[in-house]
Amino acid sequence: MMDYIGIDIGGTAVKIGLIDENGTVLKYNQYSVDFDGYETPILETVQKSLETFLEDFSINLDRIKGIGVSATGQVDSYSGIIIGTAGHIKNWIGSRIKEVLTLKFQLPVTVMNDANCAALAEKWIGAAKEVSDAIVVTIGTGVGGGILINSKILNGVNGLAGELGHFTIDCHGTSCTCGNTGCYEQYASTAALVRSFSEALNKGLFGATDFKGCPINGKTIFGLLADRNPMAEELFEKWLDYVATGLVNLVHIFNPQLILIGGGISIQDKLFILPLREKVLKRIMPAFGKDLDLKAAALGNDAGMIGAVYNCINHS
Ligand SMILES: [Zn+2]
């Protein structure tokens, strides 16, 4: 049986997996890419890491059909070149991933943005398996997304489509790393949630003395919410409104039958997914809600690698 290599290049690590034709991860490892502050270009680290991976698991390239790459930043998915990034990763823009890996490993290589890969993985073996039109929104430090239309990823002319973190929800709002103001991820990311809780904590607004001095993270936030802390509930509700606002806009543009929420926070069903679903359904025009569902994405950290392989199977 022939297998594929899935590579997910992130800002801190590259994940590499041996993945079969059904999307099962057979072997897996991850390697740091920021060990020297990106002085060694990420693409160089990726090549070395793949060599190490093949050697450590005694994988012969003869049994590999192709390499699917999922990458952070703006990826021209046709040429496989990084053409932009909203953050500031040194030596990353201009990386000719497809060309370099094809030459070195003599295999078909496909490259796609990580959020689009995650959406493809949900379509292949995850929670979007049975649907044709879905929006996958990953909520983490930033916000990423992938739009599935007719069971295919919406690419746009350069393969950049689905950059959901950077559509504007307040043109007079907070400055964003991309240079614009009021981008969705400045309001709907978990970083934004943590920021609002940290500010309130510094002002002593929670009143719960046992939280003083604690770092604000998912655990403290959901701990305060479980205790029905009024200030925490107010801040969370406000954040949830922002998350819902973006989704309502997307529903009206794309008329999906499913919205999948990914990212670590999506395991919070009762406090996050269910109230979010309710807010979205309440605010959209009724006809758009007729066949719409919203739930947590099914795949976790492997989604990028798995979706990259699915892209490779379909396009190489
Ligand atoms: Zn932005």
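Student: What share of the contacts with a separation of 6 or more comes from residues 24 or more positions apart?
Tutor: It is 62% in this protein. Contact means heavy atoms within 4.5 Å. This is a predicted model: local features need pLDDT of at least 70, side-chain atom pairs count only at pLDDT 80 or more, and totals for chains, interfaces and linings use all residues. Residues are numbered from 1 along each chain as its sequence is written, and side-chain values use heavy atoms, with hydrogens and water left out.

Student: OK. How many helices and strands?
Tutor: There are 10 helices and 12 strands. Both are DSSP runs numbered from the N terminus: helices are H or I with at least four residues, strands are E with at least two.

Student: Which strands make up the open sheet of 5?
Tutor: The order is S10-S9-S8-S11-S12, with mixed pairing. Two strands pair if DSSP finds at least two bridges between them.

Student: And which ones stand at the edges?
Tutor: S10 (152-153) and S12 (293-296). Each has a single partner strand, so one side of each has no neighbour in the sheet.

Student: How does S11 pair with S12?
Tutor: S11 (residues 258-262) runs parallel to S12, over 4 bridges. Leu-260 stands opposite Lys-295 in S12.

Student: Switching topic. How much of the protein is buried?
Tutor: Buried residues are 50% of the 316. Buried means under 20% relative accessible area, with a 1.4 Å probe and protein chains only.

Student: What does the C-alpha trace span?
Tutor: About 60 × 45 × 35 Å along the principal axes.
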